[in-house]
Amino acid sequence: MEVHDVELVMSAVDPKQYPTTGDPEIALVGRSNVGKSSLTNVLINRNSYAHTSSQPGKTQTLNFYHVESQMYFVDVPGYGYAKASRTDREKWGQMIETYLTQREQLRGVVSLVDGRHEPTKDDQQMYTWLAYYDIPTLVVATKLDKISRGKWNKQLSMIKKTLQLKPEDALLPFSAQTKMGKDAVWDWIETQAFG
Ligand code: GTP
Ligand code: MG
């Protein structure tokens, strides 16, 4: 999709605050600092529309970005933020679970993992959970600009294996820095959102 128009319509914590237009939604999940906001900015052709930060735990609410008035990206606060309090973690868990299991408009989840490393326990749990609920998932291995091209395939196979990726789910290489993978991620999103 060639994006000209994006609007952050809602930072929601409670389902009552979710948008009501009924447009399809794609959620972005991943641990804190993995690059969800950066991926969002690449997809919508902006440098800093979604707030990015080198400090983890910046995004605390579900941020609904209305794209071309046709669909929403839902930037989900990152998990695995070590400094988060237990109460915050529980609140986070409830907010995410409510959204991911009850949202009718949700068409798929883009789950980001750091392409440089083996998926963390949290990454594995998140993927297992998405698979359990049968939510169509695209795993994106990001920050690949930080490792040499010759290592990509090996990394991708390792990620697939560690997550025990289902055959119907896809894994794509990505870099917010070079924008590699942008079109492939968009293709997946458009297929999920509009069929
Ligand atoms: P939270 O909102 O805290 O959950 O983090 P986030 O997942 O939205 O991460 P964010 O997009 O803010 O990126 C975190 C840091 O990683 C920033 O300093 C980004 O510039 C950097 N970053 C994100 N993606 C890439 C990438 O593909 N390559 C490189 N080199 N850096 C990246
Ligand atoms: Mg963010």
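**Fold and sheet of a predicted chain**

The chain has 5 helices and 7 strands; helices (H or I, at least four residues) and strands (E, at least two) are DSSP runs, numbered from the N terminus. This is a predicted model, in which local features need pLDDT of at least 70, side-chain atom pairs count only at pLDDT 80 or more, and totals for chains, interfaces and linings use all residues. Residues are numbered from 1 along each chain as its sequence is written, while chains are lettered from A and ligands numbered from 1 in the order in which they are written.

User: In what order do the elements of the chain run from the N terminus on?

Analyst: The order is β-β-α-β-β-α-β-α-β-α-β-α. The radius of gyration is 15 Å, close to the 16 Å from the globule rule for 195 residues, so the chain is as compact as a globular protein of that length. That radius is taken over C-alpha atoms, and the rule is 2.2 Å times the number of residues to the power 0.38.

User: What does the C-alpha trace span along its principal axes?

Analyst: The spans are about 45 × 40 × 35 Å.

User: How are the strands arranged in the sheet?

Analyst: The 7 strands form an open sheet with mixed pairing, in the order β1-β3-β4-β2-β5-β6-β7. Two strands pair if DSSP finds at least two bridges between them. The edge strands are β1 (6-12) and β7 (170-173), each of which pairs on one side only. From one strand to the next the twist averages 25°. Axes here are lines fitted to C-alpha atoms, for helices over the stretch in contact, and angles run from 0 to 180 degrees between N-to-C directions.

User: Do β1 and β3 pair in the parallel or the antiparallel sense?

Analyst: Their pairing is antiparallel, over 6 bridges. In β3, Y65 stands opposite L8.

User: Which helix packs on the sheet, touching β2, β5 and β6?

Analyst: That is α3 (residues 121-132), whose direction makes about 160° with that of β5. Helix α5 also packs on the sheet, where it touches β2, β4, β5, β6 and β7, and its direction makes about 155° with that of β5. Contact requires that the C-beta atoms of two residues, placed from the backbone, lie within 7 Å.

User: Turning to β2, why is it described as largely enclosed?

Analyst: Strand β2 (residues 25-30) is largely enclosed by the rest of the structure because 6 of its 6 residues are buried. A residue is buried if 20 or more other C-beta atoms lie within 10 Å of its own, exposed if 12 or fewer, and partly exposed in between, with C-beta atoms placed from the backbone.

User: Which residues point which way from β2?

Analyst: E25, A27 and V29 point one way, I26, L28 and G30 the other, and all are buried. In a regular strand the side chains alternate between the two faces of the sheet.

User: And how many bridges join β2 to β5?

Analyst: There are 6, and the two strands run parallel; I26 has G108 of β5 as its bridge partner. With β4 (residues 71-75), β2 pairs in the parallel sense over 4 bridges, and there L28 has D75 as its partner.

User: What about α1: how many of its residues are buried?

Analyst: In α1 (residues 36-43), 7 of the 8 residues are buried, so this helix is largely enclosed by the rest of the structure. They are K36, S37, S38, L39, T40, V42 and L43. These buried residues pack against β2, β3 (62-67), β4, β5, β6 (137-142) and α5 (182-194). Just after α1, N45 has a positive phi of about 60°.
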